Amino acid sequence: MTSTTPLRQTAAWAALEAHQASLAGQHLRGLFAADPTRGTRLTAEAAGIYLDYSKNLVTDETMALLVALAEETGVEARRDAMFAGEAINNTEGRAVLHTALRMPRGYASLPTRVAGVSEIHGVLDKMAAFAERVRSGEWKGYTGKPIRNVVNLGIGGSDLGPAMAYEALRPYSRRDMVFRFVSNVDGSDFAEATRDLDPEETLFIVASKTFTTIETMTNANTARDWLLEKLCDKIAIAAHFVAVSTNAVEVARFGIDTDNMFGFWDWVGGRYSLTSAIGLSLMLAIGPDHFGELLDGFHAMDEHFRTAPIAENLPMLLGLLGLWYSNFHGAETQAVLPYDQYLNKLTAYLQQLDMESNGKSVDRDGRRLDYNTGPVVFGQPGTNGQHAFYQLIHQGTRLIPCDFIGCCQTQNPLNVHHDLLMANLFAQTRALAFGKTAEEVAGEEKDAELVPHRVFEGNRPTNTILVDRLTPQALGALIALYEHKVFTQGAVWGINSFDQWGVQLGKVLATELGEVFSGKAKAALDSSTEALVARYLSRKG
């Protein structure tokens with residue numbers, strides 16, 4: 001249940017509103033000039049991740065008031081309830097125990113009273129044994145050929161997580177194997193993913209908890225047809241398909257041997273499922289040992305989040321800073337800008353994590369909110385984004401807080417590439433913070449009419465997040481950092497970050513329209529949809 005005091009009526013909220021007004025006219029130039037230690041003092045480090053939050057529009061008083069807000073809204077108590085296995089997902093009556101998925105074997109704090117938790121390492125062991133059979137060539141396709149291609153069929157969390165992590169950890173993957181990820185119900189996605197593959201050497205992983213997800217099962221049925229077109233024997237399905245699911249009846253009906261079904265639990269939300277059996281495709285790519293290192297990174301950040309004081313807690317600091325801009329500065333977006341090509345899918349992954357979790361307009365008791373919740377998350381890898389949307393961040397009218405993510409060491413030390421990449425990262429955060437004044441521009445620009453166009457106001461907030469090297473362990477810690485950041489914000493806002501009812505209505509209506517398309521049913525439609533359907537059916541050819 002939420003606090004009986006509405007958020008905007010808490011003492012901490014009122015204090016932050018008054019404080020924000022008192023900061024009018026403050027500039028990061030002045031804050032840094034007044035405190036030579038600011039750049040090293042407003043930092044935090046844990047689980048191999050270094051956070052510099054000195055280029056934020058905050059003072060020591062701001063941070064103290066944000067900590068007070070977290071305390072007054074019970075963030076720590078809600079965190080503890082999550083780790084204890086309480087049913088904090090109140091609208092679905094479920095515990096939220098993705099953190100248990102990465103706990104070491106025999107971990108003392110394992111909430112064993114929650115059904116299924118004791119089986120976690122049993123599933124991991126089964127995944128590891130299967131991965132070794134495939135990677136070694138022991139697992140053979142129907143015609144006796146080893147598996148060279150793995151195609152993951154999923155949607156949402158069962159696609160975004162494995163696909164993102166595979167891209168991030170390519171240097172640790174089997175380069176003699178092909179890994180593809182199909183999620184879109186658009187047939188072009190499947191067609192392009194399989195165009196150059198040999199069915200005799202291809203393994204499909206069908207990732208669907210219920211084995212009824214319409215997009216995933218449409219692709220799975222197409223994959224089965226694609227396979228049988230060449231192999232012509234339904235017995236072949238068992239050698240070329242495995243399932244990540246909990247629905248043994250539907251898995252068997254599809255033709256998959258249920259011995260090759262990898263299960264998980266209802267307390268594993270889709271967007272938090274990478275470290276469950278949903279990560280099977282990733283384990284096949286990087287191997288069980290590297291997958292174990294990924295879990296270690298997740299767990300290290302979990303433990304930091306569970307035990308560190310708010311003022312030193314990286315996820316809580318990130319969450320509170322984001323809340324500061326969303327609720328007290330009117331910011332509606334959050335840019336996540338990884339300066340590492342291997343993290344090219346990270347922002348898309350974080351879009352689901354953040355926007356599906358905290359895109360809510362009522363609190364946990366169903367009361368309408370009178371403040372903003374989750375931001376719009378966007379971004380792409382640097383330096384590409386610098387030539388796309390940074391203009392708006394630097395000189396536009398909107399305040400857009402940014403997270404810059406970089407690695408001190410590169411996986412590919414080519415010439416001066418990495419130095420240039422990191423120089424761009426640091427230069428961007430510096431330019432956003434301090435800008436360039438009209439006086440500075442006038443000193444180098446002879447045409448006075450151009451001066452206003454070349455002025456950079458600065459005072460644009462950024463966080464800089466650094467890891468030494470993008471290893472499996474570092475990736476795990478980085479993902480967990482953002483998971484718990486989202487949790488922190490949801491706890492302050494008093495919302496349920498672990499349901500996603502907003503995705504359901506569109507699915508229901510799409511199913512109804514599918515029946516209309518096939519002629520199996522009629523539906524009462526609005527005039528716009530009726531006209532669009534008629535046009536489509538008359539022209540689909």
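## A salt-bridge network

Lys230 is partly exposed, at 44% relative accessibility. This is a predicted model. The side chain of Lys230 meets that of Glu200 in a salt bridge, 3.3 Å from N to O. Lys230 belongs to helix 9, while Glu200 sits in the loop between helix 8 and strand 5, so the bridge ties together parts 30 residues apart in sequence. Glu200 is buried, with a relative accessible area of 13%.

Salt bridges with shared partners join Lys230 and Glu200 to Lys145 and Asp198 in one network. Asp198 and Lys145 form a salt bridge of their own, with the closest N and O atoms 3.7 Å apart. That pair links distant parts of the chain, 53 residues apart. Asp198 is in the loop between helix 8 (187–194) and strand 5. Lys145 is in the loop between helix 6 (120–136) and strand 3 (149–153). Asp198 has 19% relative accessibility; the cut-off for buried is under 20%, so Asp198 counts as buried. Lys145, at 33%, counts as partly exposed.

## Another salt bridge

The structure has 27 salt bridges. One of them joins the side chains of Glu92 and Arg94, at 3.9 Å from N to O. Glu92 is partly exposed at 27% relative accessibility. Arg94 is also partly exposed, with a relative accessible area of 29%.

## Aromatic pairs and a cluster

The structure holds 24 aromatic pairs. In one of them, the rings of Tyr166 and Phe179 have centres 5.4 Å apart and planes at 45 degrees, so the pair is tilted. Tyr166 lies in helix 7 (residues 157–168) and Phe179 in strand 4 (residues 178–182), 13 residues apart. Tyr166 is buried, with a relative accessible area of 5%. Phe179 is buried too, at 6%.

Phe204 and Trp226 make an edge-to-face pair, 5.7 Å from centre to centre, with 90 degrees between the planes. Phe204 is in strand 5 (residues 202–207) and Trp226 in helix 9 (residues 214–231), 22 residues apart. Both residues are buried. Phe204 and Trp226 also belong to one aromatic cluster with Phe190, Phe211, Phe241 and Phe254.

## Charges over rings

Phe254, a member of that cluster, has the charged end of Arg224 over its ring, 4.3 Å from the centre. The charged end of Lys126 sits over the ring of Phe262, 5.1 Å from its centre.

Helix 19 (residues 472–493) has 22 residues. From first C-alpha to last it reaches 32 Å, close to the 32 Å expected at 1.5 Å a residue. Of its 22 residues, 21 are buried, and the helix is mostly covered. Just after helix 19, Gly494 takes a positive phi of about 75 degrees.

Helix 13 (residues 314–328) has 15 residues, which should span 21 Å at 1.5 Å a residue. Its end C-alpha atoms are 21 Å apart, in agreement.

## A nonpolar surface patch

Leu505, Val508 and Leu509 form a nonpolar patch on the surface. Together they have about 270 Å² of accessible area. Leu509 lies in helix 20 (residues 504–517). It is partly exposed, with a relative accessible area of 41%.

Terms used: Residues are numbered from 1 along each chain as its sequence is written. This is a predicted model: local features need pLDDT of at least 70, side-chain atom pairs count only at pLDDT 80 or more; totals for chains, interfaces and linings use all residues. Side-chain values use heavy atoms; hydrogens and water are left out. Helices (H or I, at least four residues) and strands (E, at least two) are DSSP runs, numbered from the N terminus. The expected span of a helix is 1.5 Å times one less than its number of residues. Buried means under 20% relative accessible area, exposed over 50%, partly exposed in between (1.4 Å probe, protein chains only). Rings of Phe, Tyr and Trp (its six-membered ring) pair if their centres lie within 6.5 Å; planes under 30 degrees apart count as stacked, over 60 as edge-to-face and the rest as tilted. A charge sits over a ring if NZ of Lys or CZ of Arg is within 6 Å of the ring centre and within 35 degrees of the ring normal. Patches are made of residues with over 30% relative accessible area and no salt bridge: like charges are joined within 9 Å, nonpolar side chains (Val, Leu, Ile, Met, Phe, Trp, Tyr) within 5 Å. Accessible areas come from the Shrake-Rupley method with a 1.4 Å probe; for residues, only the protein chains shown count as cover. A salt bridge is a side-chain nitrogen of Lys or Arg within 4 Å of a carboxyl oxygen of Asp or Glu.
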